[in-house]
Amino acid sequence: MRVGFYLAATQPVERVLPQVARAAVRAGQRMLVVGDAPLLARLDQALWDSAAEDFLAHGPADQPHAARQPILLSAECRAPNGAQLVALADGQWRDDALAFARALLFFDESGRDASRALWRDLKGREGVELEFHEHDGTRWHSRG
């Protein structure tokens with residue numbers, strides 16, 4: 001199980017998450033995106049707006065055909081679309097994310113301290129690999 005920490009200090013999550021979603025879809029993965037209703041509405045719009053580059057089919061988890069959506073937007077950490085990749089877009093960790101093959105925790109500067117504490121906690125768990133990525137305003141960079 002891999003947990004990716006995604007620091008986007010200069011951009012809101014709705015600007016940077018579509019880049020990651022696009023890469024996941026290109027790799028043939030399904031994704032669950034978790035957040036509250038206002039955030040999910042912004043992400044829904046951002047995913048539609050990014051369609052000029054590549055269409056990112058997506059939909060809400062509480063609507064018909066949720067199981068067919070490659071990208072599913074939900075307030076809960078459950079994936080009726082069979083996703084093994086969960087993006088915690090609101091910066092809030094949920095232990096339910098450990099049931100996925102990969103979890104992505106998006107956060108900004110205000111979430112840095114909580115993310116460091118979570119890193120320390122997860123580092124001690126068997127079978128959990130950690131990775132850190134930082135957005136430079138244009139693209140993601142992996143950091144050691």
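This is a predicted model: local features need pLDDT of at least 70, side-chain atom pairs count only at pLDDT 80 or more; totals for chains, interfaces and linings use all residues.
Good morning. I begin with Gln69, which, leaving aside its neighbours within four places in sequence, is in contact with Arg30, Ala57, His58, Gly59 and Asn81. Gln69 is placed in the loop that runs between strand S3, residues 58–60, and strand S4, residues 71–74. Is this residue buried or exposed? Its relative accessibility is 18%, and because the cut-off for burial is under 20%, Gln69 counts as buried.

The loop between S3 and S4 also holds His65. With a relative accessible area of 49%, His65 is partly exposed. Its backbone deserves a remark: His65 is not a glycine, yet it has a positive phi of about 70°. As a general rule, most residues other than glycine have a negative phi.

I turn now to the aromatic residues. How many aromatic pairs does the structure hold? There are four. I shall describe two of them, and in general a pair of aromatic rings is described by the distance of the centres and the angle of the planes.

One of the pairs is formed by Tyr6 and Trp140, whose ring centres are 4.9 Å apart. Their planes stand at 80°, and because an angle over 60 degrees counts as edge-to-face, that is the class of this pair. Tyr6 belongs to strand S1, residues 2–7, and Trp140 to strand S8, residues 140–143, so the pair ties together parts that are 134 residues apart in sequence. Both partners are buried: Tyr6 has a relative accessibility of 6%, and Trp140 has one of 15%.

Trp140 also forms an aromatic pair with Phe106. Here the distance is 5.9 Å centre to centre and the angle between the planes is 70°, again edge-to-face. This pair, too, links distant parts of the chain, with Phe106 in strand S6, residues 102–107, and Trp140 in strand S8, 34 residues apart. Phe106 counts as buried, at 2% relative accessibility. Through these ring pairs Tyr6, Phe106 and Trp140 are linked into a cluster.

My next topic is the packing of two helices. In general, two packed helices are described by the angle between their axes and the distance between the axes. Helix H1, residues 13–26, packs with helix H2, residues 37–49, at an angle of about 55°, and their axes are 9 Å apart. That angle makes H1 oblique to H2. The crossing in which H1 passes H2 is right-handed.

Which residues meet at this contact? From H1 come Val13, Glu14, Leu17, Pro18 and Ala21, and from H2 come Leu39, Arg42, Leu43, Ala46 and Leu47. Sorted by class, the contact of H1 with H2 has eight nonpolar residues, two charged residues and no polar ones.

Pro18 lies in helix H1 and counts as buried, at 5% relative accessibility. Not counting residues up to four places away in sequence, Pro18 touches Val13, Ala46, Leu47, Ser50 and Leu56.

To close, I return to two features: the cluster of Tyr6, Phe106 and Trp140 linked by ring pairs, and the right-handed crossing of H1 and H2. Thank you for your attention.

Notes:
Residues are numbered from 1 along each chain as its sequence is written. Side-chain values use heavy atoms; hydrogens and water are left out. Helices (H or I, at least four residues) and strands (E, at least two) are DSSP runs, numbered from the N terminus. Buried means under 20% relative accessible area, exposed over 50%, partly exposed in between (1.4 Å probe, protein chains only). Contact means heavy atoms within 4.5 Å. Rings of Phe, Tyr and Trp (its six-membered ring) pair if their centres lie within 6.5 Å; planes under 30 degrees apart count as stacked, over 60 as edge-to-face and the rest as tilted. Axes are lines fitted to C-alpha atoms, for helices over the stretch in contact, and angles run from 0 to 180 degrees between N-to-C directions. Angles under 35 degrees count as roughly parallel, over 145 as roughly antiparallel, 65 to 115 as roughly perpendicular and the rest as oblique. A crossing is left-handed if the near helix is turned anticlockwise from the far one by less than a right angle, and right-handed if clockwise. Ala, Val, Leu, Ile, Met, Phe, Trp, Tyr, Cys and Pro count as nonpolar, Asp, Glu, Lys and Arg as charged, and the others, Gly among them, as polar.
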